Amino acid sequence: MAEELTQAERDLLSQIAGLHGMPEGAFNIRRDGELVERHSSANIEISTKTGEPGIDIRIAPGTKNETVFIPVIVTQAGLKDVVYNTFYIGEDCDVRIIAGCGIHNDGHAAAQHDGIHTFHCGANSRVVYVEKHYGEGDGDRILNPTTNVHMDEGAVCEMELTQIGGVTSTIRDTNATLGPDARLVLTEKLLTHGHQTAESNMKVELTGDGSSVQVISRSVAQDDSIQVFNPLVIGQAASRGHVQCDAIIMGNAKVKAIPGIEAASEDAVLVHEAAIGKIAGDQIVKLETLGLTEEEAEQEILNDFLN
Amino acid sequence: MLELKDLVFEVPATDGTDTPKRIIDNLSLSIPDDRFTVITGPNGGGKSTLAKLIMGIEKPTSGQILFDGTDITQMGITERARAGIGYAFQQPARFKGMTVKKLLDLAAGRKLPMLACNEYLRKVGLCSASYLTREVDKSLSGGEVKRIEIATILARDPKLAIYDEPEAGIDLWSFDRLTETFRDIHEARDGRSIVIISHQERIIQLADEIVLLRDGRVVDAGTPTEMMPRLALSARGSDGCPLTEPTELHLTEIPTTC
Ligand SMILES: Nc1ncnc2c1ncn2[C@@H]1O[C@H](COP(=O)(O)OP(=O)(O)OP(=O)(O)O)[C@@H](O)[C@H]1O
Ligand SMILES: [Mg+2]
């Protein structure tokens, strides 16, 4: 079946999911709104949803050291793909989920993918979720991901959401509720250029005692692009929250960051920091003294900032 | 060989007058190959400015800079770096997201083996390999950043290295290790020259030549033996804010093994 994919499509897959050929274990690869190939494993069952487009991914309790790949590629102009993917992660799991969407659009009509991902993380489970979004081509490319996370007692989740460039417009909604002792690390990295726009809304509710969240947002806005961030952390229990937004602006780009914290419990400790600025001149000069040109210096600084 | 000829650096006046402020004043100085030079002098005397003029970070108002016979006065920073000049900043930059390893790789101009990186860190008294994966951001202490800055120049290994107050903010143990490192580089005598801007007697003692810079001018120069008494005198003799007399450090009992 791998033959069915064109070289361009394979390149997209490797960009967003680091895939070269079909992965081992459980995976589901979707192209232009249709299934390309799916594979379940002994512990991870992937099935088609009834009633709405998308899949259910059920991970058996106690599943350790397994990875699920669910990348999506869109190459058809004018296609608007909406998909609901729901993860049911049992108790005591330790799994990695690699998602992502690559759009290649050379057409006049926009290509759009709206992925709604919902995670139910069982008690004491450990989940690493990596999602990369990437676009290329001359046509408009739109990605509107929604991520909903429900974490049971003691669950630990690390989410790394990255938009590595080429996405014309995006509205990203991320919602999480954390039970007792649950811990969420939410890292979002965004790169916009040209006339692109990006909006990221996050709402994290700390409902259980001992729960904690760390939101790390790093972004680079180049050219005439615009980014808006609205991270909100609500502490409803004896919990801890830390929100950190760092943005580098270049050219005529604009970034607005409105980090919010709401404490509804006197034992909630919430902190937010936001910093927006251009690349520090002393960083560029330092790298120039190491023999890099100004352009090379800028590129290295941005790469590492978004690593 | 570096030659500075009648170097002048002026900045626009800040006091409302038309007379520009002269920071480097008709300075001429030669630094031959294999030479270990220490530039010392009161705060604000123009030492860092001179270093920045040599590196190309500032451009002189007039005068000439020659490096190995080539006029580099109009060259940019990158070109001078590639020609073999290196500068360890007095106040190093910090980089969010960049690891120490990456910075050392950029400095060396290639991917360094882990072992080599550890060796550079060891030379500045950073004795834990765990530093390599740390980010060069504000989570590092002042002394750590300063030593990493020095390590980048060691990794770069330029023909002419300028270290701007390498001792500043560094603990006695690391300082001891650092002086050894400078001595080793010097003793190799492989055509490299070291310029250290310093107020430390221990470093001054290592030098072939001490240059005293005040008000943007070379006011005295000589060997350590000649200069030590004169430095103490000139510090005492100056009005206003005097340099304290350099105190002898006793570091021999402090362990320096990693
Ligand atoms: N761009 C500038 N504009 C205005 N004044 C400047 C500029 N650069 C340097 N100066 C001034 O020139 C003088 C020399 O500064 P410089 O940093 O070279 O001193 P220094 O000898 O390195 O001092 P220190 O021992 O404190 O490091 C100082 O009075 C400083 O304020
Ligand atoms: Mg200085």
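Which of the 14 residues around ligand 1 come nearest? They are B:Asn43, B:Gly44, B:Lys47, B:Ser48 and B:Thr49. The model is predicted. This briefing covers the ligand's surroundings, then a pair of helices.

**Polar contacts to ligand 1**
- The side chain of B:Thr49 has an N or O atom 2.5 Å from an oxygen atom of ligand 1.
- For B:Ser48, an N or O atom of the side chain is 2.9 Å from an oxygen atom of ligand 1.
- B:Gln90 also takes part: one of its polar side-chain atoms lies 3.0 Å from an oxygen atom of ligand 1.

**How much of the ligand is covered**
- On its own, ligand 1 exposes 640 Å².
- The protein buries 64% of that area.

**What makes up the shell**
- Two elements of chain B give two or more residues each to the shell around ligand 1: strand S2 (21-31) and helix H1 (47-55).
- H1(B) supplies the largest share of this shell, with three residues.
- By residue type, the shell around ligand 1 holds three nonpolar, eight polar and three charged residues.

**A helix pair in chain B**
- Helix H4 of chain B spans residues 114-123, and helix H5 of chain B spans residues 142-156.
- The two helices pack with their axes 9 Å apart.
- The angle between H4(B) and H5(B) is about 125 degrees.
- Angles from 65 to 115 degrees count as roughly perpendicular and those over 145 as roughly antiparallel, so H4(B) and H5(B) are oblique to each other.
- The crossing of H4(B) past H5(B) is right-handed.

Key
Residues numbered from 1 in each chain as written. Chains lettered and ligands numbered in written order. Predicted model: local features only at pLDDT ≥ 70, side-chain atom pairs only at ≥ 80, totals over all residues. Heavy atoms only, no water. Near = heavy atom within 4 Å. Polar contact = N/O pair within 3.5 Å; in protein donor to acceptor, adjacent residues only side chain to side chain. Areas by Shrake-Rupley, 256 points an atom, 1.4 Å probe, with all protein chains shown as cover. Helix = DSSP H or I, 4+ residues; strand = E, 2+ residues; numbered from the N terminus. Nonpolar A, V, L, I, M, F, W, Y, C, P; charged D, E, K, R; others polar. Axes fitted to C-alpha atoms, helices over the stretch in contact; angles between N-to-C directions. Parallel < 35°, antiparallel > 145°, perpendicular 65-115°, else oblique. Left-handed = near helix turned anticlockwise from the far one by under 90°.
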